[in-house]
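Here's a quick tour of a few pieces of this fold. Have the sequence and the model open as you read.

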Amino acid sequence: MQSCTAQTVVKSSDPHIHYMGRMAFKQDAAELSWPGNSISINFSGTGVKALLKDQFGTNYFKVIVDDSLLPDLQLDSSKHIYTLVSGLPAGKHRLTLFKRTEWSFGKTWFYQFELAPHTTIGPAPAAKKRKIEFYGNSITCGYAVLDTTGQDRSTAPFEDHYLSYAAITARHFNAEYSCIAKSGIGVLVSWFPLIMPEMFDRLDATDEKSKWNFSQFKPDVVVINLFQNDSWLINQPQHPEFIHRFGSSRPTADQIVAAYQKFVKSIRVRYPQAQIICALGNMDATKKGSAWTGYISKAVDNLHDPAISTHYFPYKDTPGHPAKREQEAMAKDLISYIEHNIRW
């Protein structure tokens, strides 16, 4: 343990910190943008503060101490100290800051922890043996999961990625976790001018020149849950992004299959040893009669890769995005599939 008699400062570059998820390190700060980005430390003592700055003052973080959830941290846009936890009983503790909101709500810069007097920093939490990565849209982000009114509100207070099926699954398997997701994104077309094949290899999702070094994180399992947005947008020929991507004619079934197949192949090239699960659901892209599960199955069949499989979540048949209990049902479903089909 590193000793102290007064307040100890633990800078963002300190090796006692364990980071999880794609994260840029710029000058004196770690830059958190992706949903599920997290920062963890072990310490002995009574309290921890953090020096943070949020891009727009709209991001929320989970504060987890000794596996217990404390009140969520809502940031503002000024750079200042936030008290994460205080008044703990003397002894060893673990703290994690978990970004519950997606990059649509901006980036957050973490500069340092400040430990309470007579508190000491311990060795960095050990990296977990298993590794899992998700590629997804609003379902994976946990969009509107906290909105119990049925309004399906899209603002930050109602999004909580910690409650998503993806984060629940990663916690169940005690896995290192990375999530590349954005509400509204698709494989062929999105509700905005960016599609997953253009975003998946970025370190900073907002910068097309910012490329991720895939050697830094090699997942054992990759889960792709995309096509929900494509399934809507290919039927909206007046939408600017339909015109941008397709002109005046919607893509054919063969073009849809080819685009998905190409994207999965691009993941396989980066992760030659990973087991890839091509999932879909639980919104109306998997309802009875939907063609989208067939497109995915055909693309996977065409790849002739025994380590790439399909798994479809049952259609939830309720309005809006998945509620908390529906995310939990998805997690239970995916956990069961992995336990029965994946060796890692």
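How many residues does H6 have, and how far does H6 reach from its first C-alpha to its last?

## Ground rules

This is a predicted model, where local features need pLDDT of at least 70, side-chain atom pairs count only at pLDDT 80 or more, and totals for chains, interfaces and linings use all residues. Residues are numbered from 1 along each chain as its sequence is written, and side-chain values use heavy atoms, with hydrogens and water left out.

## Helix H6

H6 has 18 residues and reaches 26 Å, close to the 26 Å expected at 1.5 Å a residue. Helices here are DSSP runs (H or I, at least four residues), as are strands (E, at least two), numbered from the N terminus; the expected span is 1.5 Å times one less than the number of residues.

Buried residues (under 20% relative accessible area, 1.4 Å probe, protein chains only) in H6 include Ile-256, Tyr-260 and Phe-263. Among the partners that the buried residues of H6 pack against are S16, H7 and S17.

## Helix H7

Now for H7 (residues 292-303): its 12 residues should span 16 Å, and the end C-alpha atoms are 17 Å apart, which agrees. Trp-292, Tyr-295, Ile-296, Ala-299, Val-300 and Leu-303 are buried in H7. They cover an arc of only 130° around the axis (taken from the directions from the helix axis to the C-beta atoms), so they sit on the same side of H7.

## Tyr-162

Tyr-162 sits in the loop between helix H1 (138-141) and helix H2 (165-172). Tyr-162 counts as buried because its relative accessibility is 12%.

Conventions: Buried < 20%, exposed > 50% of the residue type's maximum accessible area, 1.4 Å probe, protein only. Contact = heavy atoms within 4.5 Å.
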